[in-house]
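User: I am new to this structure and would like to go through it step by step. Could you show it to me?
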There are 2 protein chains.
Amino acid sequence: MSEIKKIDEISMGDDNASFYKGRRVLITGGLGFIGSNLAARLVALGADVLLVDSLTPDSGGNLFNIDGIRHAVQVNVSDVRDASSMQYLVRDQQVMFNLAGQVSHVDSMRDPYTDLEINCRSQLSILEACRHHNPSVKVVFAGTRQIYGKPDVLPVTEEHLVRPIDVNGINKAAGEYYHLVYNNVFGVRSCALRLTNVYGPRQLLKHNRQGFIGWFIRLAVEDREIQLFGDGSQLRDFVYVDDVVNAFLLAGASDACNGEVFNVGGSGPVSLAELAKLLVEVAGTGRVRFADWPAERRAIDIGDFYADSSKFKRAVGWTGAVTLRDGLDRTVRYYRDHLSEYVETPLDTPPETP
Amino acid sequence: MSEIKKIDEISMGDDNASFYKGRRVLITGGLGFIGSNLAARLVALGADVLLVDSLTPDSGGNLFNIDGIRHAVQVNVSDVRDASSMQYLVRDQQVMFNLAGQVSHVDSMRDPYTDLEINCRSQLSILEACRHHNPSVKVVFAGTRQIYGKPDVLPVTEEHLVRPIDVNGINKAAGEYYHLVYNNVFGVRSCALRLTNVYGPRQLLKHNRQGFIGWFIRLAVEDREIQLFGDGSQLRDFVYVDDVVNAFLLAGASDACNGEVFNVGGSGPVSLAELAKLLVEVAGTGRVRFADWPAERRAIDIGDFYADSSKFKRAVGWTGAVTLRDGLDRTVRYYRDHLSEYVETPLDTPPETP
């Protein structure tokens, strides 16, 4: 109750807590990490929620993610690459949270075409579907800080050059640009949130190719060793998934965001060593080990990265509310209760190389 | 003798021994405007030249473009979208000038998928072919100033944000980024030249969807009316194709360019009204008419644009050598001699709306 009230106060003022009430909302990637957390919140706000997800193996889609809201949402299993299905599904939707994507950087370098199909071509076909069949929909796209590459200055603002360091980053940048062009040229109201390191319940833990933080959490929960390269002093910022859900809700309700991109990051820089130590402390399990940099990892390391989210704060009043300690605590508790829904590997299997 | 010095001597008119002499060079889009001019120069320098072009209707490919060098080059008609042909064709090449592209902004908004296939997916498959079959090739990509969109500051340097205003600009940006990533990650040496408004002999004149300057030249040569919106005060910079050919040659011979992007523009801003008046004066035919801005054109106008090319000058010593008057004069003479090879429409047909 308090959490829902808080977002409504932020976004719409105390009295009118109902932007999403009865509203038809589509979430692509709706069974994934952020999508499912967003769905739960939208259900609580009284929205009419349609989740589209391909449930592709190795992606974050997981039916357990909507365990508590399964009968309160519609689920349509389909792939955003399936343009004709998307043409149908976007019709009559009022808000679309466009979160479906291929998020593994490693995979994008092994198979750049699949990444292109999902992160470029499908974004075009989703937007074409909106342009031709539902031009009044409001779209919020899940972008990524990856498109900035290795930063020139910190914290990174939206004025920083887009300089992706892998195919995934390039295709995500193109996907974001399409949204802005369809906003500006065709009037399909769209904006993009460039997310930094998001963590929390319902994140994929099966493998380590979708970012390190879920993997670190799994290692801690399984009482295994978290390996850090060098002295673990690289800085990052971390944002709890509920805060990201708030960000999407605010962006979806605000026409001030149309045609704009916004960083959505944590409240400040934290070193990987600090993160890992705090995680182990909160979990009461796991341990940290420092290892030498492998040359091939050193070569692709982007150094420190943390974002300046003040543009988004100015636009819609968003600010992160959940501290890193509190967020890690909630996350660890969630996985302690539900680990078997997220991990196929038995506990005693050697970990994949992070 | 340094490599830069050697090239300076060659490209700036010295007949000394050549970096390109006997070198195997592939040009994608080799029957197009810039590609064919580059081919002629490479033949003169003694290179072993392979031209790949799809001769797609409406694109710039034109066999007449290589009329004088037809027996000195190899021509392979194939589309860069044909990944298996490209896999074969890149083998054993030492330098690739990667110029094939869909260049119509209008077409990209009507059919974004074709633009994506040519400007994104084909770039990936060309680079994958290099990565797997010829990793030692040096690649120079033809980028475009279009990726900057409407500039924040003038002149525009490479530090300006990439902010495309249409699908073509997005896909060209992605194509450029792929080259940089394949350079940085896979060691396929690549760089990109962001060209501004290039003009000269062998440019497409059939229609006006590939930029205004070729169209203006056609109108002048055909003694028709050049229509300018408003007072024609929008600034642009113009670069003659021989100077652009020099730019490609220098970039292809210099490893200092690897992983970098460079603006390649004209020597300074010129208003459209100045350009059109100079063109009419040089041609002795045509006339200029000022018209009110149509609302839909006003909406997509990017205002003034001109580039700062000093980064490229610092890297390889490039500078434009041909004045606008001289370049227009050479261009008009060329089309007076060969207009029927470039124009299918009889002289008395009403012009398409520019």
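User: Is A:Met86 buried or exposed?
Analyst: A:Met86 is buried, with 25 other C-beta atoms within 10 Å. A residue is called buried if 20 or more other C-beta atoms lie within 10 Å of its own, exposed if 12 or fewer, and partly exposed in between, with C-beta atoms placed from the backbone. Please bear in mind that this is a predicted model, in which local features need pLDDT of at least 70, side-chain atom pairs count only at pLDDT 80 or more, and totals for chains, interfaces and linings use all residues. Residues are numbered from 1 along each chain as its sequence is written, while chains are lettered from A and ligands numbered from 1 in the order in which they are written.

User: Where is A:Met86 found, and what is it in contact with?
Analyst: A:Met86 is part of helix H3 of chain A. Helices (H or I, at least four residues) and strands (E, at least two) are DSSP runs, numbered from the N terminus. Leaving aside neighbours within four places in sequence, A:Met86 is in contact with A:Val80, A:Ser125, A:Ile126 and A:Ala129. Contact here requires that the C-beta atoms of two residues, placed from the backbone, lie within 7 Å.

User: And what is the place of A:Ser78?
Analyst: A:Ser78 is in the loop between strand E3 (74–77) and H3 of chain A. With 17 C-beta neighbours inside 10 Å, A:Ser78 counts as partly exposed. Apart from neighbours within four places in sequence, A:Ser78 is in contact with A:Val52, A:Ser54 and A:Ser85. The C-alpha atoms of A:Ser78 and A:Leu89, eleven residues apart along the chain, are separated by 9.8 Å.

User: Switching to the backbone: which residues have a positive phi although they are not glycine?
Analyst: A:Asp92 is one of them, with a phi of about 70°, and A:Arg202 is another, with a phi of about 80°. Most residues other than glycine have a negative phi, and most peptide bonds are trans.

User: Where are these two, and are they buried or exposed?
Analyst: A:Asp92 is in the loop between helix H3 (83–89) and strand E4 (95–98) of chain A, and it is partly exposed, with 13 other C-beta atoms within 10 Å. A:Arg202 is in the loop between strand E7 (197–199) and H7 of chain A. With 28 C-beta neighbours inside 10 Å, A:Arg202 counts as buried.

User: Is the peptide bond from A:Leu154 to A:Pro155 cis or trans?
Analyst: The bond is cis, with omega near -15°. A:Pro155 lies in the loop between strand E5 (138–144) and H6 of chain A. In chain B, the peptide bond from B:Leu154 to B:Pro155 is cis as well, with omega near -10°.

User: How are the two chains related?
Analyst: A rotation of 180° with 0.0 Å of shift along its axis superposes chain A on chain B, with an RMSD of 0.1 Å. The two copies are thus related as by a two-fold rotation axis. The superposition is by least squares on the C-alpha atoms of residues with pLDDT of at least 70 in both copies. Of the residues of chain A, A:Leu161 comes closest to the rotation axis, at 2.8 Å (C-alpha).

User: How many residues make up the contact of chain A with chain B?
Analyst: Chain A gives 23 residues and chain B gives 23 residues. On the side of chain A, helix H5 (112–133) and helix H6 (167–186) are the elements that give two or more residues. H6(A) supplies the largest share, nine residues. By class, this side of chain A has 17 nonpolar, two polar and four charged residues. Ala, Val, Leu, Ile, Met, Phe, Trp, Tyr, Cys and Pro count as nonpolar, Asp, Glu, Lys and Arg as charged, and the others, Gly among them, as polar.

User: Finally, what about H7(A) and H9(A); how do they cross?
Analyst: The axes of helix H7 (residues 212–221) and helix H9 (residues 272–283) of chain A come within 10 Å and cross at roughly 40°. Axes are lines fitted to C-alpha atoms, for helices over the stretch in contact, and angles run from 0 to 180 degrees between N-to-C directions. A:Phe216, A:Ile217, A:Ala220 and A:Val221 in H7(A) meet A:Ala276, A:Leu279, A:Val280 and A:Ala283 in H9(A). This contact has eight nonpolar, no polar and no charged residues.
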